Amino acid sequence: MDSTREYNFDGLVGPSHNYAGLSFGNVASSSNLRQASNPREAALQGLAKMRALAARGFGQGLLPPQPRPDFALLRRIGFRGTPAQILARAAAEAPVILAAAWSASPMWTANAATVSPAPDTADGRTHFTVANLNNKLHRSQEQRQTARSLRAIFHDESRFCVHDALPSTPAFADEGAANHTRFCADHGLPGLEMFVHGRAEFDPSLAAPRRYPARQTREAGEAVARLHGLAPERVLHVQQDPAAIDQGVFHNDVIAVGSRHVLFYHQHAFVDEANVLSTLRSRLAGLGVDLQAVRVDAGQVPVRDAVQSYLFNSQLLDAPGGGFILLVPRECRENQAVSRYLEAAVGNGGPIVELLDFDLRQSMRNGGGPACLRLRVALNGEDAGRVHPGVLMNEPLYARLVQWVERHYRDRLLPDDLADPQLALEVRAALEALESILGLPGLYDWTDD
């Protein structure tokens, strides 16, 4: 019997988690600009989710936070001197750029990379392409450390291949797995990979959003599919509804989520919905998969409620007895339309048989829900054994990380605190201790500090 199962690698929230409102097009991020954050609570909320899923038998790992602030970025744009001098001058002259250098956005690992598991690829290895995230300054600086972390964790090159990010130009704007869904009969069998784009650089005839940017290009999805050695008939490129982008649906995972044979999506998720579903059904039928599409009508849940609650930024998890568990943020319970929909949808004979909700309010206020926090990687038993074990969640690791957070993280952070050189020292001390906890010495390159 095939032992392949899906692992979720959640981002461990970093000590500089703050509300700088850097992500134009992300309504939650912009709405909480300059409010006080609680990095300690954010990290503990994320760890609680990881622990709970691991305890239920799900494959659960983590991806570590990145060094902050990014002094290399600040030096490249002309800030010189000691770390304290750099921070002081940047705070006075370019506070938004300083906030970008401090961003804890690597916590949202759905944007870390796009992953194609071994059953789909030409060489039978699991392929990762690091996202360039070039639409936003604060996210574009992640790719170097993301590649370094992925290569440290998935270190066996005979089984894993980590590709560098695509060229950082508008034509190849790539936001990672937040715009990618894999369908299959079973995680260990060949599947169909759906890449969702907001625009095409070289096809101006496509409709485009007017208010907010489309962050993912079709050209990026096509490039990733080539790099991963995917057969053309196992790839589907579809366009996100530009009107939904203009309502704050900055990634596809804010309005749709899928797993194996199920697509849970909003009526306004895609351009030409009927054609998308028809093509999906036809392609999946060739793989022996009967697509089960769960459509949420705008009359049931308006787009604004989907964005406010992050209903679709949820996790579809394989339930032990069949069907799926839907893991949602607690905000779904607090939104009347969404709560009413979920009460009717769960256990009504459809694919969703159980509902889990978690308090992820610190992440949610910065614009990231449960699905933002995780990168999915399907692994068979042998390949799972070749993943660096220090990042796989269990009770002893959870206990050590809770102690680490309580020792190193502040419980209140305001934008003005980003000029404090002591915070930079605290972050470095925390990450140096984390290298030891995870058994990853040399994970970070401190030469730029």
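**Annotated positions and local packing in a predicted model**

In the UniProt record, an unreviewed entry, the feature "active site" is placed at Glu-175, His-251 and Cys-372; UniProt positions follow the numbering used here, feature names are shortened, and annotations may be inferred rather than shown by experiment. These residues span 198 residues in sequence, yet no two of their C-alpha atoms are more than 11.2 Å apart, so they gather at one spot. The model is predicted, so that local features need pLDDT of at least 70 and side-chain atom pairs count only at pLDDT 80 or more, while totals for chains, interfaces and linings use all residues. Residues are numbered from 1 along each chain as its sequence is written, and side-chain values use heavy atoms, with hydrogens and water left out.

His-251 is located in the loop between helix 9 (242-245) and strand 9. Helices (H or I, at least four residues) and strands (E, at least two) are DSSP runs, numbered from the N terminus. His-251 is buried, with a relative accessible area of 2%; buried means under 20% relative accessible area, exposed over 50%, and partly exposed in between (1.4 Å probe, protein chains only). The side chains of His-251 and Glu-175 are joined by a polar contact of 2.8 Å. A polar contact is a pair of N or O atoms within 3.5 Å; within protein, one must be able to donate a hydrogen and the other to accept it, and residues adjacent in sequence count only if both atoms are side-chain atoms. Not counting residues up to four places away in sequence, the contacts of His-251 (heavy atoms within 4.5 Å) are Asn-111, Glu-175, Ala-178, Asn-179, Arg-215 and Gln-240.

Cys-372 lies in the loop between helix 14 (361-364) and strand 15 (374-379) and is buried at 3% relative accessibility. Leaving aside neighbours within four places in sequence, residues in contact with Cys-372 include Met-107, Trp-108, Asp-253 and Asn-313.

Two strands pair if DSSP finds at least two bridges between them. Strand 10 (residues 262-266) pairs with strand 11 in the parallel sense over five bridges, and Phe-264 has Val-294 in strand 11 as its bridge partner. Axes are lines fitted to C-alpha atoms, for helices over the stretch in contact, and angles run from 0 to 180 degrees between N-to-C directions.

In strand 4 (residues 126-130), five of the five residues are buried, so this strand is largely enclosed by the rest of the structure. Thr-126, Phe-128 and Val-130 are buried on one side, and His-127 and Thr-129 on the other. Strand 3 (residues 113-116) runs antiparallel to strand 4 and is joined to it by four bridges. Strand 4 also pairs with strand 5 (residues 160-163), in the parallel sense and over four bridges.

Helix 4 (residues 83-93) and helix 5 (residues 95-102) pack at an angle of about 130 degrees, with their axes 6 Å apart. Leu-87, Ala-90, Ala-91 and Glu-93 in helix 4 meet Pro-95, Leu-98 and Trp-102 in helix 5.
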